[in-house]
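Please describe how side chains pair up in this protein model.

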Amino acid sequence: MSEAQQAAPPPPLHGAALALMTAAVALGTFMEVLDTTIVNVSVPHIAGDLAASTTQGTWTISAYGLAAAIAVPLTGWAAKRVGQVKLFVISVLLFTLASVLCGFAHTLPELVAFRFMQGLVSGPMVPLSQTLLLANYPPAKKGLALALWSMTVVVAPICGPLLGGWITDNYSWPWIFYINVPVGLFTAAVSWRLLKNRETETAKVPIDVVGMVLLVLGVGALQIMLDNGNDLDWFNSGFIMTMAVLAVVALTFLVAWELTDDHPIIDLSLFKSRNFRWGVVSLSLGMFCFFGSTVIFPLWLQTVKGYTATWAGVATAPVGILAFFLSPLIGKNIAKINLRLLTSFAFMVFGITMFWFASFTLDTELNQLVVARLFQGIGIACFFIPLNQIILSGIGPERMAAASGLSNFFRTLSGSFATAIVTYIWTKREIFHHARLTEHVTAASPATTSYVGQLDQLGIRGTAAYAQIDQTITQQAFQIATSEVFWMMGMIFIAMIAVVWLTRPPFGAAGAAGGH
């Protein structure tokens, strides 16, 4: 075999092998993304079993997010040293082992430590699943590969709370981790069997120790700040201030170091690509608003409308239905579609649904909520697939893992920012509106007198009556705050249409050689 033949990439997979590889990689991706949210609804049960408070129990969520945020941007560097296939399989197997250890945990510190391990080894899984799909699909079907990947990344977080709640209620919380075992073993076995002879070239790239330390310090401090800011009253806390300063200093030095180092651990030169740069900005802002709405929507249902966790999940879940069916259709025809126009349409759909959510009241019925969330699913399918195609357009195969890792890092980080900032705005606006509404509750107010009279007829008098009034005011304040948050996110979505048009065609098959 000649040197040229040896250097040539292997031909794409076809038929049953392609279908089996897709199933294995998609299941692995689904499993990893699912674990970012599956624990959320089980925290009270976990905390109770492990003799901890619910607040302490949330560290099981934070530890996973913190470790994953550190590991994801290292994917490109690690893949160069180990090989993409080998790194993916090792990550899946270690993730499966860490899942078992999480289920075996008998104390909260043990569980937090194993969740941190689980997040750390999961870092390369999502970026490499995208890279492996693109590398082994025929050129004409790369859009379909992106669609299948996007579908699993979007639907999995929505399924997490539903599946986690059902497993916890019907079995016990360790089973939310044990279900990863058969999926992980299947993914690792099939991926290795089909792809071991398609391994990418490796090189002994020097370890960028300074970059590694700055990344861990910067991203770690930032994630801890975002996870605990609301509980500790943000910058009124010395701990949060310390984390903020550490994050700013470490990340500033990280950028400066990576731009000048000969072997950077993160390839920031990818941002020289116009499409990568503006695509990542669009993806980050879009994920901020979408994830923010996904956080606020069930909170609003449970806090304001009195829904149980199960019914809040039922109202929230329909967003994945149309996304599930439309994604393969869009992916199959991605080469025929104007990607900027499709992404603009997605932002318009998201903006309309945000304004729609803002119009909801305390009397809005479940069927209206379901229809709105169902409609939002159109935006999901038209957002993730074309935007990922734009981001990766012109990126050569040798940089695909690095590009996927870096874009997924910003996608993950924007979700953390959304959770922290949106819930902060929501609670602060509730406090503001509660104070303003309370000003109108006086003995001279006819509305107050009438309401107190109605409570009196129901046998609610004195302190109990005023407690009931305060509860009503709180409910109304949260309702107004919720509408304001949705209006804010709707305006951001509409404004983002201009950002995506800063990208430039051609948006050829992702993974093709070349660049902008």
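The count of salt bridges comes to one. A salt bridge here is a side-chain nitrogen of Lys or Arg within 4 Å of a carboxyl oxygen of Asp or Glu. Side chains of opposite charge can pair when their charged atoms come close. Arginine 429 and glutamate 484 form the bridge, with 2.7 Å between the closest N and O atoms. Arginine 429 sits in helix H20 (residues 400-438) and glutamate 484 in helix H22 (residues 462-500), so the pair ties together parts 55 residues apart in sequence. Helices (H or I, at least four residues) are DSSP runs, numbered from the N terminus.

The model is predicted: local features need pLDDT of at least 70, side-chain atom pairs count only at pLDDT 80 or more, and totals for chains, interfaces and linings use all residues. Residues are numbered from 1 along each chain as its sequence is written, and side-chain values use heavy atoms, leaving out hydrogens and water.

pLDDT is the predictor's confidence in each residue, from 0 to 100. The protein averages 80, and 91% of the residues score at least 70. Over residues 1-6 the pLDDT is below 50. Where pLDDT is low, the predicted coordinates should not be read in detail.

Now the rings. The structure holds 23 aromatic pairs. Rings of Phe, Tyr and Trp (its six-membered ring) pair if their centres lie within 6.5 Å; planes under 30 degrees apart are stacked, over 60 edge-to-face, and the rest tilted. Two edge-to-face pairs are listed here.

| Pair | Centre to centre | Angle between planes |
|---|---|---|
| Tryptophan 234 and tyrosine 424 | 6.1 Å | 80° |
| Phenylalanine 271 and phenylalanine 410 | 5.8 Å | 90° |

Tryptophan 234 lies in the loop between helix H13 (209-228) and helix H14 (238-260), while tyrosine 424 is in helix H20, 190 residues apart. Phenylalanine 271 lies in the loop between H14 and helix H15 (274-303), and phenylalanine 410 is in helix H20, 139 residues apart.

Tryptophan 234 is buried, at 11%. Tyrosine 424 is partly exposed, at 32%.

Phe290, Phe347, Phe350, Phe383, Phe384 and Phe493 form one aromatic cluster.

Phenylalanine 355 is found in helix H18 (residues 339-358). Phenylalanine 355 is partly exposed because its relative accessibility is 23%.

Note on methods. Contact means heavy atoms within 4.5 Å. Helices (H or I, at least four residues) and strands (E, at least two) are DSSP runs, numbered from the N terminus. Buried means under 20% relative accessible area, exposed over 50%, partly exposed in between (1.4 Å probe, protein chains only).
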